[in-house]
Amino acid sequence: MKPRNLAILLTTGLALTATACGGDSKSSDAGGDVSITVACQPAKTAPKTRKAWDDDVAAFEKAHPGVKVKSTDQQPCFDPKTFAAKLAGGQMETVFMVPVTNYADVIAKRQAKDITGQTGLVKNFGDIKQDVRDMVTKDGKVYGVPNVSYSVGLVYNRALFTKAGLDPDAPPKTWDEVRAAAKKIAGLGAGYVGYGEYGGGNVGGWHFAQSVFSRGGEMVVDGKAAFNSPEGKAVLQNLHDMRWEDKSTGSKVLIGWETLMQQMAAGKTGMMLGAPDVVTDVVQKFQGKAADYGITGIPDGKASLTGGEAYMINPKASAAQTKAAMQWIDFEFNTPGKGRFDFARGKANGEAVGVPNNDYMGDSATGKTLAEDRKKNAALPVENYEPYVESATGVALKLEPEKAQELYAVLDVAMSAVLTRENADIDKLLSDAESKANSILAKS
Amino acid sequence: METLTMEPKRQLAPRRRPPSKRRRAVRRNLTAYGFLCAALFCFAMFAWWPIIREVVLSFQQTNLVDPPTWVGLDNFRTVVDDPAFGQAWRNTLAFTLLALLCGYVVPFAVAIVLNELRHARGYLRFVVYLPVMLPPIVSVLLFRWFYDPGPGLFNQVLDFVGLPTLAWLDSTDTALISLVIVATWMNLGSGVLIYLAALQNIPGDLYEAAELDGAGILKRIRHVTIPQTRLILLLMLMLQIVATMQVFIEPYMLTGGGPENATVTVAYLMYQYAFVYGGNYGAGSALGLMLMVVLLAVAAVQLRLTREEK
Amino acid sequence: MVNTTTRPEEATKTGAAARPARRGDRKKRRGGWADGHSRTIVSPLELRSRWGRKIYWTLLTAIVIVFTLVFVFPLYWMVTGAMKTGEEIAQMPPTLFPKSPDFGVFADAWELFDIGTLLRNTVFYAVGAWLFALAVDVSAAYALSKLRPMLGNVIMAGMLATLMIPPIVVMIPAYITVTDVPILGWHLLNSPWAIWFPVAANGFNIFLLKRFFDSIPDEILEAAEIDGVPPWRVLVSIVLPISRPILGVVSIFTVVLVFKDFVWPLLVLPDSEKMTISVGLSQTAGAVTQNQIMAGLVIASVPMIIVFFFFQRSIMAGLTAGSLKG
């Protein structure tokens with residue numbers, strides 16, 4: 001390399017940045033043409049679903065002349081790490097996805113557009129369950145179109161149940177039954193885990209919350225920590241006893257969200273808490289045997305943590321862009337037989353169709369059509385998920401507590417303690433966590 | 001590359017009368033700043049400004065969209081009240097001390113021995129530096145597998161030689177030291193090579209003189225080797241402290257700060273605040289500022305010691 | 001000690017000293033291995049004694065074995081682990097060799113981690129950083145060393161001061177700066193410049209370069225100046241050609257730095273199409289099997305090991321220079 005070129009490179013480089021940074025924020029709201037960017041295109045690693053998406057984009061553009069759609073495929077689709085920065089820097093898509101945990105935050109910070117007047121563009125908007133719609137509504141204004149809603153249940157390995165002499169069609173209904181079943185499964189031999197649980201990385205605290213809710217406990221009441229309760233204690237005590245008396249939880253502390261699902265997919269873990277989408281991931285992403293996995297209602301079933309996501313619109317979008325964006329949401333996500341609800345195509349593409357992973361439309365007309373469609377095209381044994389569907393109707397839904405991530409970090413400590421120390425003092429762990437949580441909650 | 005090609009130029013460029021001294025100085029300055037401007041830009045924006053911004057941010061609250069608001073000492077109160085705050089500092093300190101023990105004393109000893117060897121030096125140097133070249137993520141993910149309580153290499157080896165197995169990352173007793181082991185493994189090489197270079201610069205006659213005075217091997221190390229490498233030892237001590245105080249990737253990838261906060265470090269907590277707990281950049285910056293002050297204090301001590309040494 | 005930065009003549013000396021043995025000073029005798037070496041703690045006489053020899057050879061063997069076990073065996077385990085099946089890798093006790101080595105796993109990992117994209121990105125960032133940082137730092141060091149502008153010392157001190165503050169400490173404000181560069185309003189998230197600008201702001205590189213330039217006699221440059229050669233030509237055709245060793249060191253530093261960095265690209269290049277290899281591996285590692293992870297790690301290690309093979313000398317020289325930071 002000629003050193004002289006360095007100087008040239010430097011100057012061109014600087015010039016390039018200037019143009020690159022100045023040139024990308026054009027939006028064509030004048031004239032008939034409008035272009036929007038939409039998030040959540042499937043990753044390259046799933047070529048078939050990605051192609052299906054691209055086909056949908058083409059079909060949508062054909063049906064709406066003048067609209068240009070550009071997809072982004074950031075993984076994960078919602079990244080809390082960069083969300084604020086992307087929005088601040090004008091890199092946020094016109095249509096972006098927000099998980100239920102972040103609704104309140106995004107709406108409060110005015111990071112989503114008020115679409116109250118445009119909800120009519122999503123034809124089935126009225127069929128979405130009222131309580132699910134309420135989550136994206138603040139002071140009578142609507143800020144998003146809910147897309148997914150589910151509640152946590154108990155995912156279990158039917159093959160292991162059979163192997164351990166348990167009846168896979170009568171899965172545990174209470175935590176005591178879970179413990180008994182776990183013990184039997186762990187008794188199958190070395191490497192078998194009866195009940196898998198997280199011990200850190202914020203997912204430990206997250207599962208603690210799920211367990212407390214299932215027993216009828218609370219996380220936060222009136223801005224004060226409420227988990228230092230008989231229910232909270234029972235959660236930790238049960239886990240502790242499973243770990244140290246029954247030795248049915250395995251000895252490895254799991255900290256990543258995927259770790260438990262991966263372990264589940266490996267076929268030697270009996271049960272775990274999880275929403276139906278866990279089954280999808282276990283089967284699709286981690287290559288678990290589809291026939292082996294079933295899901296039932298959460299043990300004890302007093303209440304269940306709900307999860308879900310919604311699509312929201314960039315507050316900087318123009319009127320024309322908003323219209324096109326809503327039409328896209330309608331087309332791709334809310335029309336039976338089209339877009340993501342084209343179950344026949346999904347099945348042909350090898351997707352795990354059949355898991356009851358979304359009941360945001362509830363018992364409405366659209367909801368029923370969807371459920372039937374899904375069953376008709378199921379690639380997975382739907383009967384394995386019946387216990388979950390049956391119990392789901394009766395379970396009260398719980399939202400995540402405020403400052404969820406910080407509270408989960410605090411509760412990680414308690415979870416990891418009972419999983420790593422036989423002499424863990426549960427009362428002390430809970431009272432410590434309570435005072436820590438209270439000091440976090442006291443800060444607005 | 002071009003070489004000196006001034007000859008033909010000489011005829012082409014007739015000598016002009018030298019411009020006045022003042023004008024020449026102005027011109028030289030202009031040229032110099034022309035050369036400097038790119039670097040000044042990079043430093044101003046990406047090195048100096050962030051330092052100032054850290055101080056400012058730690059007294060502010062911002063969501064990056066609306067203008068930031070001043071919150072006084074709130075951010076500091078938030079982090080000091082954090083249940084993991086004290087633990088994070090204790091862990092960082094413990095990590096630093098343990099890493100010093102493993103990553104400071106050991107490489108020096110290794111370098112001394114290597115310097116005595118007459119064979120396989122190239123191989124040994126290559127091998128010891130190999131992990132340093134690997135991206136840290138490789139070492140970390142590799143050790144995550146080694147630490148697996150079941151089929152992980154370490155427990156299998158312990159089992160093979162008949163020792164009781166350990167919980168490694170999954171116990172409050174061993175988690176931190178497990179992180180230190182990874183960190184040492186991947187950084188040991190650079191220390192060894194630096195010391196080795198320093199040892200090679202010790203004049204041989206010093207040893208000869210010491211030997212003539214009847215000094216044994218240990219005495220020679222004490223009276224020749226260590227004094228002769230004192231400056232570099234001091235320097236490395238400080239560099240090590242600065243490097244290990246920033247420990248992040250190990251807890252981030254291996255333990256998530258657990259179990260029971262046993263591996264939460266200051267840098268990790270800082271990351272949590274800014275990028276996990278819903279973008280609390282203010283509190284994160286407050287932690288960063290504290291860490292910065294500590295590191296500056298370390299640097300000041302080092303400067304002082306080095307100066308005395310000289 | 002402190003004066004031995006890599007000046008032109010010094011750099012060659014380091015190279016020579018790095019070679020296993022320096023011959024020529026002394027005549028070769030029998031048992032000459034004890035002599036062919038600059039004098040160290042143990043004298044050749046002691047080594048040649050009966051006990052000396054025994055201890056020496058025992059120690060040598062022990063060290064070679066221990067080093068191989070500690071530093072090479074984990075890598076062996078990584079490579080063979082990759083080639084084991086899912087069951088074999090979880091087997092207790094483990095097998096020392098894979099029963100039927102499966103090389104297909106590397107292709108799988110390549111696909112799953114999308115390593116092609118990741119490597120291409122990383123190489124692009126590294127090469128860009130190298131060119132950009134070299135251009136910026138060389139001109140700055142040249143200005144500070146040879147043109148000596150007003151406030152030059154203050155600027156140099158300011159640049160050196162940043163060395164006291166490791167990047168992770170200012171991670172948050174630096175990140176915020178990148179999302180919205182003051183005054184200019186640039187948004188550099190997912191842009192390679194988010195890597196290149198901060199890499200160029202490297203006080204240590206400028207310090208090394210300036211020290212080296214300082215050792216070039218001013219007379220040469222003055223002669224050129226009198227001849228009316230413009231400063232940039234002086235830099236390009238006089239200074240740079242004789243600065244090759246230090247340019248090599250700075251280049252290697254920069255490339256290795258970009259390849260190894262983790263936290264910063266994790267924050268500023270979150271787009272899966274823009275990720276570096278380190279970040280990409282960490283993101284996908286949760287979703288694939290253990291042997292596939294190992295295969296990914298093997299592939300990710302190869303470029304750096306190749307760099308190490310070819311530039312070993314520069315790297316070692318750089319380390320010695322690096323140790324003299326203070």
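Author: A residue is called buried if 20 or more other C-beta atoms lie within 10 Å of its own, exposed if 12 or fewer do, and partly exposed in between, with the C-beta atoms placed from the backbone. The model is a predicted one, in which local features need pLDDT of at least 70 and side-chain atom pairs count only at pLDDT 80 or more, while totals for chains, interfaces and linings use all residues. Residues are numbered from 1 along each chain as its sequence is written, and chains are lettered from A and ligands numbered from 1 in the order in which they are written.

Reader: By that scale, how does D148(B) count, and where does D148(B) lie in chain B?

Author: D148(B) counts as partly exposed because 19 C-beta neighbours fall inside 10 Å. Helices (H or I, at least four residues) and strands (E, at least two) are DSSP runs numbered from the N terminus, and in those terms D148(B) sits in the loop that joins α6 (136-146) to α7 (153-160) of chain B. The C-alpha atom of D148(B) is separated by 34 Å from that of D81(B), a residue 67 positions away along the chain.

Reader: Which residues other than glycine in chain A have a positive phi, and are they buried or exposed?

Author: One of them is C40(A), whose phi is near 80°, and which is placed in the loop between β1 (34-38) and α2 (47-63) of chain A. C40(A) is buried, since 24 other C-beta atoms lie within 10 Å. Another is D139(A), which has a positive phi of about 50° and is found in the loop between β4 (137-138) and β5 (141-142) of chain A. With 6 C-beta neighbours inside 10 Å, D139(A) counts as exposed.

Reader: What should I look at in chain C as a whole?

Author: The secondary structure of chain C comes to 16 helices and zero strands, and buried residues make up 49% of its 326 residues. Two residues are in contact if their C-beta atoms, placed from the backbone, lie within 7 Å. Among the contacts in chain C with a separation of 6 or more, 73% are between residues 24 or more positions apart.

Reader: How is the packing of α6(C) and α10(C) described?

Author: Axes are lines fitted to C-alpha atoms, for helices over the stretch in contact, and the angles run from 0 to 180 degrees between N-to-C directions. Helix α6 (residues 115-147) and helix α10 (residues 203-214) of chain C pack at an angle of about 45°, their axes being 8 Å apart. Angles under 35 degrees count as roughly parallel, over 145 as roughly antiparallel, 65 to 115 as roughly perpendicular and the rest as oblique, and α6(C) and α10(C) are therefore oblique to each other. In this contact, residues of α6(C) including A133(C), V138(C) and L144(C) meet residues of α10(C) including I206(C), L209(C) and F213(C). For the classes, Ala, Val, Leu, Ile, Met, Phe, Trp, Tyr, Cys and Pro count as nonpolar, Asp, Glu, Lys and Arg as charged, and the others, Gly among them, as polar. The residues of the contact of α6(C) with α10(C) divide into nine nonpolar, two polar and four charged.

Reader: How many residues of chain C touch chain B, and how many of chain B touch chain A?

Author: On the one hand, 99 residues of chain C are in contact with 97 residues of chain B. Helix α16 (residues 290-322) of chain C gives the most to the chain C side, with eleven residues, and by class that side has 71 nonpolar, 23 polar and five charged residues. On the other hand, 27 residues of chain B are in contact with 31 residues of chain A. The elements giving two or more residues to this side of chain B are α3 (74-81) and α13 (266-275) of chain B, and the side divides into ten nonpolar, 13 polar and four charged residues.

Reader: Into which domains is chain C divided, and how many residues link them in contact?

Author: Domain bounds come from an automatic or database domain assignment, which divides chain C into domain 1 (45-101) and domain 2 (106-321). Their C-alpha centres lie 35 Å apart, and seven residues of domain 1 are in contact with eight residues of domain 2. The largest share of the domain 1 side, four residues, comes from α3(C).
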